[in-house]
Amino acid sequence: MSILVDKKTRLVVQGITGGEGSFHTKQMIAYGTKVVAGVTPGKGGQNFEGVPIYNTVADAVKEQKANTSVIFVPPSFAADAILEAANAGIKLIVCITEGIPVKDMVKVFNSIKNKDVRLIGPNCPGVISPGKAKIGIMPGFIHKKGNVGVVSRSGTLTYEAVKQLSDLNIGQSTGVGIGGDPIVGSQFIDIIKLFNEDPDTLGIVMIGEIGGSAEEEAAAYIKKYVKKPVVGFIAGRTAPAGRRMGHAGAIISGGKGTAKEKMEAMKKAGIKVVDSPAEIGITMQKALLNLNGKSTTTTVQKAKGAAANKKTGVKTGKATTNSSSKKGAAATKKSSLTANKAAGTAKKSTKLVKKAIVVKSASAGTAKKPALVKSKKK
Amino acid sequence: MKIHEYQAKEILRKYNVAVPNGKVAFSSDEAVEVAKGIGGELWVVKAQIHAGGRGKGGGVKVAKSLDEVRELSGEILGMRLITHQTGPEGRLVKRLLIEQGVNIEKELYVGITLDRAQSKNVIMVSTEGGMEIEKIAAESPEKIIKETIDPEVGMQAYQARKLAFGLGLKDLQYKNAVKFLSALYQAYEATDASLAEINPLVVTKEGDVMALDAKMNFDDNALFRHPEIVELRDLDEEEPLEIEATKHNLNYIKLDGNVGCMVNGAGLAMGTMDIIKLAGGEPANFLDVGGTANKETVASGFKIILSDPNVKAILINIFGGIVRCDRVAQGVIDAVNEIKVGIPIIIRLEGTNAKEAGELLQNSGLNFEVAGSLKDAAEKVTSVLN
């Protein structure tokens, strides 16, 4: 599994005939994303690379059953494009456009917040579920299918983290760039909730930056509900106060939103906070191995039982996790007490999957062998 | 974007926000003329720079005669005003605001800005005028009254009333405060401001409520629809290298360190600065060359970084997603050949065609420190600094 986008995603590209839109549409199609429609007002009836173009998003939804939209229109039209998609019945809107006025986003955010639609961005690289669908501008080839969820306010810094993970043979369930603006449709906390409920996401990488308090809010949530390992980094420890560091949202104002504050809040929440962005991959690897190390002692009985039913360890692990994590997610809503128990269950079965992963990747790295041997012995 | 106090007050006047009678002056002569035009017996001479704390720094003085206006204007114009926001080098004062003196009874505070957590604007008032709002928030948060504005309907009259009562105002002062607050929100909203801060907001013995100081910042993303605000930009208040960078579509911020850096993407640029610090250096700048790094952007980036005499080494960190690393490498080689760079260059290119890029750099005959990973890049920074 993955979050937000997968093989069921039917994408409409808003601004498909523009420079950015056309270039990235080709890239998304090449990656295997189901691009079912494009929208450019006035060009309805034409097509781009075999993709039919419509005048309105509503037409694209009606004719092609588009359920997801990606927006490449210029900043002055982007707010309108988001509202058009939301009102046409699109369920997931990914807005790539950078430079949308804050006033426009205040209106958009408050207008759609109670609707059944999720907005990612603006000013973001998009969402990718490796091997399934790529919605946005990130380079597909650095990603690997797997079980770590990545959520970030940045673009290239996320690619950096993903590359580190992939190089260590740690794949990703989904990568989400939430965007670098002061107002974004989905915050860390929203995406982390989804990752927490996704049985195939076993660890989470969270890359924040200076400005605002979204990281602190996410940290409070993680402390309470998330038992999966979380590795975090905050960019901008050396940034001066009062200066906008490229991203409109990356600004320390009134002494608030500093990297130090955020890192402390995250550490307190049990997040493995790295000082250097070069350490993100390796820290996640350690966290996953640690998880596996524990699992060999605590869940070996269950694993044996499950293994008896299915032929391969990989499938066994996944099957077990799927069912119990769903229970876990449901229980989370009931009360914090049961949530803890449920999380405990989820954690155990998570470990099973972890073991499966180690089995899968053991041939690639010697570092993981001890864990494998250990579990075999038992 | 930031503007001067006198410019903010001109904008506020347009939206019927009460401000003291006053005007900008660029010389002592002009200052006296302005003072004459205002009339009365008491004037305030205020240095106009884009930084707070001007009063404490000696940039705000009261004059009791026209002669004194001339004298004080002469003193303040041309001075290097040092405040807690200017840094030790201070800011050269080139403009003054000459204003009528007002009969202050109370100093209050009002500010409007975006509350990111709620994604709505919030208007805040406090009876603790003249103090920094952050200080009030930290020390006595109960003294700040906030109203969140619903973007669908805008600021409502009851909200202005609530705030004015909250400030403990009565009668004429209360009525004028309600008017003031509503008008201020109008001005904030209509100009795409990101901040409107009136500190102090004063009530006079006569019952007037007016902006004694005014600070307005604007959303850079919305400037395209406000050409009249773009005209207010004062390039003297900006770092020359940053102005130059803007011309080349580079996002550059000058800092005080010794290691220059050139990166694509704002997050990675901040991350790279952090790495420089961890490696024992200090970042000399923030420089985001954008998503489409090419030969030209790289060359202008180099020129800008090298104009800073403090730079002892340069770290280039490009993650080629859509951008091809070999093209960036060729851009770097061409730029270095053209501009004779005399300091060590650590270069790390990752992503599309990174291998080819590495070969190009190795075979260029130029003295690059080629780093494979981010960690490697950090270690190489440390080694060239030692």
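**Where chain B meets chain A**

Student: How many salt bridges are there between chain B and chain A?
Tutor: Look for a side-chain nitrogen of Lys or Arg within 4 Å of a carboxyl oxygen of Asp or Glu. Between chain B and chain A, the count of such salt bridges is six.

Student: Before we go on, what kind of model is this?
Tutor: Residues are numbered from 1 along each chain as its sequence is written, chains are lettered from A and ligands numbered from 1 in the order in which they are written, and side-chain values use heavy atoms, leaving out hydrogens and water. Local features need pLDDT of at least 70, side-chain atom pairs count only at pLDDT 80 or more, and totals for chains, interfaces and linings use all residues, since the model is predicted.

Student: Which residue of chain A forms a salt bridge with Arg225(B)?
Tutor: Follow the side chain of Arg225(B) across to chain A. The closest N and O atoms of this salt bridge are 2.7 Å apart, and the partner is Asp104(A).

Student: Which element gives the most to the side of chain B that touches chain A?
Tutor: Helices (H or I, at least four residues) and strands (E, at least two) are DSSP runs, numbered from the N terminus. Elements giving two or more residues to this side include α6 (171–190), β16 (313–320) and α13 (374–385) of chain B. With 10 residues, the one that gives the most is α9(B).

Student: What is the area buried between chain B and chain A?
Tutor: Buried area is the accessible area (1.4 Å probe) that two parts lose on being put together, summed over both. In contact (heavy atoms within 4.5 Å) are 46 residues of chain B and 59 residues of chain A. Carbon and sulfur atoms give 61% of the buried area, which is about 4000 Å².

**Cysteines and a helix**

Student: How many disulfides are there over all chains?
Tutor: A disulfide is a pair of cysteine sulfur atoms within 2.5 Å. For Cys124(A), the nearest cysteine sulfur, that of Cys95(A), is 7.1 Å away. For Cys325(B), the nearest, that of Cys261(B), is 17 Å away. Over all chains, the search finds zero.

Student: Is Cys325(B) buried or exposed?
Tutor: Buried means under 20% relative accessible area, exposed over 50%, and partly exposed in between (1.4 Å probe, protein chains only). The relative accessible area of Cys325(B) is 0%, so this cysteine is buried.

Student: Which residues of helix α8 (residues 240–247) of chain B are buried?
Tutor: What covers them includes β13 and α10 (295–306) of chain B. The buried residues are Leu241(B), Glu242(B), Ile243(B) and Ala245(B).
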